[in-house]
Amino acid sequence: MSLDLTIENELDAIHSVTFDELVDYLTTIEATGKCEACGNFGWSINLKSGGKPGISEIRSLDTPDMILAFVLMCKKCGNLRTSSAKFVAKKIIESRASKS
Ligand SMILES: [Zn+2]
């Protein structure tokens, strides 16, 4: 099943992602594995009020492009891992649809 997110519902989709859904997704794809910088296995995710995962933006200095991202930080060395919030939200919404 494929789902196309429009610009209008893209932000709603990203903001709908819960902490548990994000952790489940990242664990399933093994994005929470060993830190490539220090070998640690512990990661943290910033939370916003309400307990949902914080959303960061990555800006290009050369174009108006902006990428929204979920960011994991290694608890031992501070290494950052980023995932496209749009991509992850789409996968999570597809997963919700397949479960219902
Ligand atoms: Zn590390």
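The buried residues of helix α2 are covered by elements that include β1 (43–45), β3 (66–74), β4 (80–84) and α3 (85–99). In this predicted model, α2 spans residues 19–28, and its buried residues are Leu22, Tyr25 and Leu26. These residues lie on the same side of α2, because they cover an arc of only 95 degrees around the axis.

**Helix α2**
- An α-helix has 3.6 residues a turn, so residues three or four places apart point the same way.
- Asp20 and Thr28 are exposed on the other side of α2.
- Glu30 follows α2 and has a positive phi, near 65 degrees.

**Tyr25**
- Tyr25 belongs to helix α2.
- Tyr25 has a relative accessible area of 15%, so this residue counts as buried under the 20% cut-off.
- Apart from neighbours within four places in sequence, Tyr25 makes contact with Phe87, Val88, Lys91 and Ile92.
- The C-alpha atoms of Tyr25 and Ala89 are 9.7 Å apart in space, while the two residues are 64 residues apart in sequence.

- In soluble globular proteins, nonpolar side chains tend to be buried together.
- Here the largest nonpolar core contains 19 residues, and Ile14, Val17, Leu22, Leu26, Phe70 and Val88 have the most contacts inside it.
- Two or more residues of this core come from each of α1 (7–16), α2, β1, β3 and α3.
- Helix α3 provides the largest share of this core, 5 residues.
- Ile14 touches Ile55, Leu68, Phe70, Ala85, Lys86 and Ala89, with residues up to four places away in sequence not counted.

**Largest pocket**
- The volume of the largest pocket is about 170 Å³.
- Its lining consists of Glu21, Asp24, Tyr25, Thr28, Lys91, Ile92, Ser95, Arg96 and Lys99.
- The elements giving two or more residues to the lining of the largest pocket are α2 and α3.
- With 5 residues, α3 gives the most to this lining.

**Cysteines**
- A disulfide is a covalent bond between the sulfur atoms of two cysteines.
- With a cut-off of 2.5 Å between cysteine sulfur atoms, the count comes to 0 disulfides.
- Cys35 is buried, at a relative accessible area of 2%.
- Cys74 also counts as buried, with 1% relative accessibility.

**Overall fold**
- The protein chain has 3 helices and 4 strands.
- Along the sequence, these elements follow the pattern α-α-β-β-β-β-α.
- The C-alpha trace spans about 40 × 40 × 25 Å along its principal axes.
- Of the 100 residues in the protein chain, 28% are buried.
- Among contacts with a separation of 6 or more, 59% are between residues 24 or more positions apart.

Note on methods. Residues numbered from 1 in each chain as written. Predicted model: local features only at pLDDT ≥ 70, side-chain atom pairs only at ≥ 80, totals over all residues. Heavy atoms only, no water. Buried < 20%, exposed > 50% of the residue type's maximum accessible area, 1.4 Å probe, protein only. Arc of directions from axis to C-beta. Contact = heavy atoms within 4.5 Å. Core = buried A, V, L, I, M, F, W, Y, C linked by side-chain atoms within 4.5 Å. 1 Å grid on protein atoms, 1.4 Å probe; cavity = no way out; pocket = protein on both sides within 12 Å on 5 of 7 lines; lining within 4 Å. Points joined across faces, edges and corners; volume = space filled by probe spheres on them.
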